[in-house]
Amino acid sequence: MKLNENLELIINSVAHDLGYTIYDSVLVLHGKTPRITVKIDHINGISHLDCEKFSKELSHRIDERQVLDDYIIEISSPGIKRELRTIEDFQRFTGAPVKGIYQEGDTRKTFKGTLTRIDGEIVTIGETNKVLTFSYAQIIKANLDY
């Protein structure tokens, strides 16, 4: 098994065992000191203590399996400006401020407002003076906008 595959398995097993999901992970294995960057997520949010707990367990498992001699681990949350990447993200963050880009015909348009409703694949954004409704499939990019 390749080093990066082994590390991904360890990262995913730590997340599973501690009850987190992996939002993103980046492994930089070249250079003097390999760097492991993981963004963890949980339905109740991520605290500093969650990051510390995950970091300690990940480090323990890497050392225990002697996968790397020396490395740097960075654990964080997706952040308050996280990208909304799935329809489940939109459902989870209904009521939150959002901004993004969507496609309408041949034109790309922007939105910025409150994610007010998800009804199947239909997304409703409440902007200051209007309400936008479009299909989730039209969204090119969206982020929380706290």
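Begin by selecting Glu104 and Lys109, whose side chains meet in a salt bridge at 2.6 Å, N to O. A salt bridge here is a side-chain nitrogen of Lys or Arg within 4 Å of a carboxyl oxygen of Asp or Glu. Side chains of opposite charge can pair when their charged atoms come close. Glu104 is partly exposed at 37% relative accessible area, and Lys109 is partly exposed at 32%. Buried means under 20% relative accessible area, exposed over 50%, and partly exposed in between (1.4 Å probe, protein chains only).

This is a predicted model: local features need pLDDT of at least 70, side-chain atom pairs count only at pLDDT 80 or more, and totals for chains, interfaces and linings use all residues. Residues are numbered from 1 along each chain as its sequence is written, and side-chain values use heavy atoms, leaving out hydrogens and water.

Next, select Lys81 and Asp145, which form a salt bridge of 3.6 Å, N to O. Lys81 lies in the loop between β3 and α3 (87–92) and Asp145 in the segment after β8 (139–144), so the pair ties together parts 64 residues apart in sequence. Helices (H or I, at least four residues) and strands (E, at least two) are DSSP runs, numbered from the N terminus.

Finally, select Asp17, Glu57 and Arg61, which a network of salt bridges links. Across the whole structure, a search finds 12 salt bridges.
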